[in-house]
Amino acid sequence: MTIDNDKPTVAVLGTGIIGAPIARNLSRAGYPVAAWNRTADKAKPLTDDGVRVETDVAAAVAGATIVFTVVKDAAAVLEILAAAGESLAAGTILVQISTVGVAGIGAIAAAAATRSLELVDAPVQGTKGPAENGQLVVLASAAPALRDRVTPLFDVIGKATVWVSQTPGEASKLKLVVNTLIGAITHGVAESVRLARALDLDPRVFQDAVAGGPLESAFGTIKTEAILAGNFAPNFSVDNAVKDSRLIAEAAEATGVWLPQAEAGLRRYLAAAAAGHAEADMAATYFADRPTEV
């Protein structure tokens, strides 16, 4: 692996299921990359790919001109910005990858402005496999002057970038819209398989019935296969799905739009978490049962 000194130095803060592949792929593409993770041991394997792993946020961002935050929520992003202190220099490009919701991106934008950071709102569509293979879809909104500076990096981590607008925050809105569909598909296949088994049908007959037709979707097939195989290793956990579903609910309430299916989906994720599946893949919504009435 050869580091290209003409490429900007990048810091990746958060090396979970999405963050670690982002750091790895950027390093393999020749970018000088530093990484930090709250649980330091999770970041250590990245050293094999030439990533400089730091145990301190300030040390990770020192000298970086582009900083990716890939953490759970807006509160975590704001905590990181505070921890970075003066090491996060004015003019640094802050690429916000997390799903943070409407209010969350507003708070991040305000914090970035206070520190004279250049904010790129860029939540991604995709989970473990796409992240590892550089096949994420980046949903981005930023000032036009920043596009040329971040597009080469987005081309490394993703297969496509959807530029939503020139205003940071619009991409985070789109991410909630996309996640509304993701939840509907996940719950739909989970409930279909549950009903098939309750009716003493082989669930694979359900698969055969939709295969090749207008009801088939690649994502739905992946989640159906996971349920049938009993493979709930997390690509995106139930706990994270609860967080995102709450952000969708908050956006719906703020705009006065009625989303009964999304509301029911949140209850289903909460039931799966209560049944002990919070850390399992979101397909574990399959295990949700009707809450006991008190």
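The legends below describe close-up views of a predicted model.

**Figure 1. Ser116 in the loop between helix H5 and strand S6.** Helix H5 covers residues 101–114 and strand S6 covers residues 118–121, and Ser116 is located in the loop between them. Most residues other than glycine have a negative phi. Ser116 is not a glycine, yet its phi is positive, at about 60°. The relative accessibility of Ser116 is 44%, so this residue counts as partly exposed.

**Figure 2. The loop between helices H8 and H9, with Asp200 and Leu201.** Helix H8 spans 170–198 and helix H9 spans 203–210. Asp200 has a positive phi of about 60°, although this residue is not a glycine. With a relative accessible area of 74%, Asp200 is exposed. Leu201 lies in this loop as well, and its relative accessible area of 49% makes it partly exposed. A nonpolar patch on the surface is formed by Leu195, Leu199 and Leu201, which together have about 310 Å² of accessible area.

**Figure 3. The packing of helices H9 and H10.** Two packed helices are described by the angle between their axes and the distance between the axes. For H9 and H10 (residues 218–229), the angle is about 165° and the axes are 11 Å apart. H9 is therefore roughly antiparallel to H10, since angles over 145 degrees are counted in this way. The crossing of the two helices is left-handed. A salt bridge joins Glu225 and Arg204, with 3.5 Å between the closest N and O atoms. Because Glu225 belongs to helix H10 and Arg204 to helix H9, the pair ties together parts that are 21 residues apart in sequence. Both residues are partly exposed, with relative accessible areas of 32% for Glu225 and 37% for Arg204.

**Figure 4. The salt bridge between Asp49 and Arg24.** Side chains of opposite charge can pair when their charged atoms come close. The structure holds twelve salt bridges. In one of them, the side chains of Asp49 and Arg24 meet at 3.1 Å, N to O. Asp49 is in the loop between helix H2 (40–43) and strand S3 (52–54), while Arg24 is in helix H1 (residues 19–28); the pair links distant parts of the chain, 25 residues apart. Asp49 has a relative accessibility of 10% and so counts as buried. Salt bridges link Arg24, Arg28 and Asp49 in a network.

**Figure 5. The salt bridge between Arg38 and Glu79.** The side chains of these two residues meet at 3.1 Å, N to O. Arg38 is in the loop between strand S2 (33–36) and H2, and Glu79 is in helix H4 (residues 74–84), so the pair ties together parts that are 41 residues apart in sequence. Arg38 counts as exposed at 53% relative accessibility, whereas Glu79, with a relative accessible area of 44%, is partly exposed.

**Figure 6. Val124 in strand S7 and Ala264 in helix H12.** Strand S7 consists of residues 124–125 and contains Val124. Val124 is buried, with a relative accessible area of 7%. Val124 and Ala59 are 65 residues apart along the chain, and their C-alpha atoms are separated by 26 Å. Ala264 is in helix H12 (residues 260–277) and is partly exposed, with a relative accessible area of 33%. Ala264 and Gly188 are 76 residues apart along the chain, and 11 Å separates their C-alpha atoms.

Technical notes. Residues numbered from 1 in each chain as written. Predicted model: local features only at pLDDT ≥ 70, side-chain atom pairs only at ≥ 80, totals over all residues. Heavy atoms only, no water. Patch = residues over 30% accessible without salt bridge, like charges linked within 9 Å, V, L, I, M, F, W, Y side chains within 5 Å. Areas by Shrake-Rupley, 256 points an atom, 1.4 Å probe, with all protein chains shown as cover. Salt bridge = Lys/Arg side-chain N within 4 Å of Asp/Glu carboxyl O. Helix = DSSP H or I, 4+ residues; strand = E, 2+ residues; numbered from the N terminus. Buried < 20%, exposed > 50% of the residue type's maximum accessible area, 1.4 Å probe, protein only. Axes fitted to C-alpha atoms, helices over the stretch in contact; angles between N-to-C directions. Parallel < 35°, antiparallel > 145°, perpendicular 65-115°, else oblique. Left-handed = near helix turned anticlockwise from the far one by under 90°.
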